[in-house]
Protein chains: 2
Amino acid sequence: MLTHAAEDYLKSIYKLQEKGTKVSTGLLAETLNVKPASATGMLKKLKAMKLVCQERYQEITLTEAGRVVALEIIRHHRLLELYLFKALGVPWENVHEEAEKLEHVISEDVEERIDAVLGYPTADPHGAPIPDKNGVVAQTAYIPMTTLRKAQTCVVAEVSDNDSALLQYLGELNLYPGTAFRVLDVAPFEGPFTIDIAGHPVVIGREVAKHIYVADVQEAK
Amino acid sequence: MLTHAAEDYLKSIYKLQEKGTKVSTGLLAETLNVKPASATGMLKKLKAMKLVCQERYQEITLTEAGRVVALEIIRHHRLLELYLFKALGVPWENVHEEAEKLEHVISEDVEERIDAVLGYPTADPHGAPIPDKNGVVAQTAYIPMTTLRKAQTCVVAEVSDNDSALLQYLGELNLYPGTAFRVLDVAPFEGPFTIDIAGHPVVIGREVAKHIYVADVQEAK
DNA sequence: AAATTAATTTAGGCATGACTAAATTATATC
DNA sequence: GATATAATTTAGTCATGCCTAAATTAATTT
């Protein structure tokens, strides 16, 4: 069995790779709040276990086996986040931290029960896809909110999960995945968005909008 | 913060002490599946942290601070057991093992939510008392089933939680805490019990009966 | 009381996974 | 192309918490 630390490394590599980032020792170390030398050490072990590929000084990638492990952990994590949110009412800005600890500890049996209680969901509270038991991730084609134009309507599909203060703010605005809104105005020169959420006008800065992804974009009539 | 290992030591000391056992290095080591030398090492650290008292070669006891930590962990454990059993339907012979891993990882916030969802319960699925947030344990006066005589009725109050095969067996007989039964007969010379559970006669061996504690004992008319 | 046996502790070692400091290799600049 | 800077790796250290083997202390037996 793998250690928690090894699981965290694999998960981080997968998530960085998923974002399209070239994964380096330094970036990985920064992500994991660890010094680069420590990352080198763990990568050496993961390479010996054939979970990670990396030629000296080159890019880091997962092997098929490593990808399977990473997706297992991510599945645990996202199912737990959703469970904490829906079944126990944990505020969504806190579920990430909680799930981070539980994901390494939950049994397959408990995971299946959680999955069943939730009705076999496909996305976590932030809208991120939950891989299935075989490690298959549903491909999504969400659009960054920053690309929206005046008078378009859409539905929140996903938001970044790494800034808890931002999540709290979005929660107060009810900008959860599934919430529909309409763009009332976009200020010129990369300015903020004014949107209508359930009849209330709200101004959303560009920095915030960058963390929101939407779907079902349509021109309001 | 304490390590998981330290927490496990404190919990084991408390539970052994609670059973009335004099806690020694060897017994503690055996309980924790660790060699005596390892227990000596950890006890040294716990003594330095003023969580444990022990004079060289003498009995091991908890300090007040150590007792508080032990009861916190036991509260986590028992609440988790009950939650897994009631909310997720985990068979009661498996909840101990699951809770063993979760108890070190759960946050106070999640624990409070679990407590609320369960309606602030006072006993785990095996009937063991759940300490309150302040470390107060309700005192119980349960009677060993082995002391029952013919024609007495009672209610199962608590069963030992350390033998999962036994728990599975008792579960099949529906001998959960709360279940009422009547003693139909006690075979002579320390023989087995024949009891009536919901109209069905069942024979319970003495070795099994030793692990069952009952309350509300009355003479059937 | 002396000797045997049992329990406990000390001493030294190992794996994990972090760290710092120094050496190496790559990349960017002049 | 030589050099300065940045990234990576190596080497050596430290804390946890386990281990085995040996030494010590306590308890039991004769």
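A polar contact is a pair of N or O atoms within 3.5 Å; within protein, one atom must be able to donate a hydrogen and the other to accept it, and residues adjacent in sequence count only if both atoms are side-chain atoms. The model is predicted, so local features need pLDDT of at least 70 and side-chain atom pairs count only at pLDDT 80 or more, whereas totals for chains, interfaces and linings use all residues. Residues are numbered from 1 along each chain as its sequence is written, chains are lettered from A and ligands numbered from 1 in the order in which they are written, and side-chain values use heavy atoms, with hydrogens and water left out.

Start at the DNA. A phosphate oxygen of DNA strand C lies 2.7 Å from a polar backbone atom of Gly26(B). On chain A, the side chain of Ser38(A) places an N or O atom 2.6 Å from a phosphate oxygen of DNA strand C.

Now widen the view. DNA strand C is surrounded by 20 residues, counted as near if one of their heavy atoms lies within 4 Å of it. Among the closest are Thr3(A) and Lys35(A). Helices (H or I, at least four residues) and strands (E, at least two) are DSSP runs, numbered from the N terminus.

Next, the protein interface. Here 18 residues of chain B are in contact with 18 residues of chain A, contact meaning heavy atoms within 4.5 Å. The two chains bury about 1,500 Å² between them, 62% of it on carbon and sulfur atoms. Buried area is the accessible area (1.4 Å probe) that two parts lose on being put together, summed over both. In chain B, Leu88(B), Val105(B) and Arg113(B) lose the most area to chain A, together 38% of what that side buries. Between the chains, 9 residue pairs are in polar contact, both residues at pLDDT 80 or more. α6(B) supplies 5 residues to the side of chain B that touches chain A, the most of any element.

Finish with the sheet in chain A. Its 6 strands form an open sheet with antiparallel pairing, in the order β3-β8-β4-β5-β6-β7. Strands pair if DSSP finds at least two bridges between them. β3 and β7 of chain A each have a single partner strand, so one side of each is left without a neighbour in the sheet. β6(A) and β7(A) run antiparallel, joined by 5 bridges. In one of them, Phe193(A) partners Ile204(A) of β7(A).
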